[in-house]
Every structure is written in C-alpha cells, then in structure tokens.
Amino acid sequence: MNAAKQIRKLVEDTKEPEQVAVLIALAAALETGTAFDIRTLYDIDMKYFDTAIQLLQDWRFDHHIAARSKLIEQIMQAAESSPPE
C-alpha cells in the first residue's frame, strides 16, 4: 500500500491522533509548498516515521498521484469542517 493511502487509512482508523497529525502536516506542506518542521518526525513512533519517509519518496518521484489527490482532498475537507481555534 502506498504512503498516501496508508495515511488516509490511519486518519479514518487511528487511535493515535498525535502521530497521524504529523503525517497530515507533512502531506499538507508537500502539497502547498509551505514549511514543515522536520524535527516533529523524531517525536513519532517508527511505524509513522517509516510512512513519512515513504510519503517523501513517493512525492519526490511523483508516484501514486491519484492516492495523493484523495489524501489532500481528505485533509482539506477536515480543515474546512474543523472549528476555528
């Protein structure tokens, strides 16, 4: 399973939202070209870290573009439905 699809599944099924939030922030930063604090990767469990590295590899080489589009769509919908802080 590619990284974007894994992240979408984690968003839907996660019991560890703090871990998944880092992956979501990474995907959003890659899509928008905004800054991402790479130090946050050191704080996540190895399972999530490996997914982040796979996402970077997929993104760099334009793999799984359809899955990436679905992930970004899911992230944007979640952002729109979240109440402002």
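At what angle do helix α2 and helix α3 pack, and how far apart are their axes? The points below answer that and then work through the rest of the chain.

1. **Overall make-up.** This is a predicted model. The chain has 4 helices and 0 strands. From the N terminus on, the order of elements is α-α-α-α. The chain has 85 residues, and 32% of them count as buried. Among contacts with a separation of 6 or more, 68% join residues 24 or more positions apart.

2. **α2 against α3.** Helix α2 covers residues 17-32 and helix α3 covers residues 46-60. They pack at an angle of about 15°, and their axes are 10 Å apart. That angle makes α2 roughly parallel to α3; the cut-off for this label is under 35 degrees. The crossing of α2 past α3 is right-handed.

3. **Residues between α2 and α3.** From α2, the contact draws on Q19, V20, L23, L26, A27, L30 and E31. From α3, the partners are Y48, T51, A52, L55, L56 and W59. Two of these residues, L26 and T51, are taken up in the next points.

4. **L26, on the α2 side.** L26 sits in helix α2. Is L26 buried or exposed? L26 counts as buried because its relative accessibility is 4%, and the cut-off for buried is under 20%. Leaving out residues up to four places away in sequence, L26 touches F36, A52, L55 and L56. Of these, A52, L55 and L56 belong to the α3 side of the helix pair.

5. **T51, on the α3 side.** T51 is in helix α3. T51 is buried too, at a relative accessible area of 7%. Which residues does T51 contact, leaving aside neighbours within four places in sequence? They are A3, Q6, I7 and L23. A3 and I7 are among the buried residues of α1, while L23 is one of the α2 residues that meet α3.

6. **The buried side of α1.** Helix α1 runs over residues 3-13. Its residues A3, A4, I7, R8 and L10 are buried. They are on the same side of α1 because they cover an arc of only 160° around the axis. In an α-helix there are 3.6 residues a turn, so residues three or four places apart point the same way.

7. **The start of α1.** Here a side-chain oxygen of N2 comes to within 3.2 Å of the backbone nitrogen of A4.

8. **α1 against α2.** The axes of these helices come within 10 Å and cross at roughly 140°. α1 and α2 are therefore oblique to each other. I7, L10 and V11 of α1 make the contact with V20, L23 and I24 of α2. α1 passes α2 in a left-handed crossing.

9. **V11, a partly exposed contact residue.** V11 lies in helix α1. V11 is partly exposed, because its relative accessible area is 30%. Not counting residues up to four places away in sequence, V11 touches V20, I24 and Q74. V20 and I24 are on the α2 side of the α1 and α2 contact. The C-alpha atoms of V11 and L71 are separated by 9.5 Å, and these residues are 60 apart along the chain.

Definitions and conventions. Residues numbered from 1 in each chain as written. Predicted model: local features only at pLDDT ≥ 70, side-chain atom pairs only at ≥ 80, totals over all residues. Heavy atoms only, no water. Buried < 20%, exposed > 50% of the residue type's maximum accessible area, 1.4 Å probe, protein only. Helix = DSSP H or I, 4+ residues; strand = E, 2+ residues; numbered from the N terminus. Arc of directions from axis to C-beta. Polar contact = N/O pair within 3.5 Å; in protein donor to acceptor, adjacent residues only side chain to side chain. Axes fitted to C-alpha atoms, helices over the stretch in contact; angles between N-to-C directions. Parallel < 35°, antiparallel > 145°, perpendicular 65-115°, else oblique. Left-handed = near helix turned anticlockwise from the far one by under 90°. Contact = heavy atoms within 4.5 Å.
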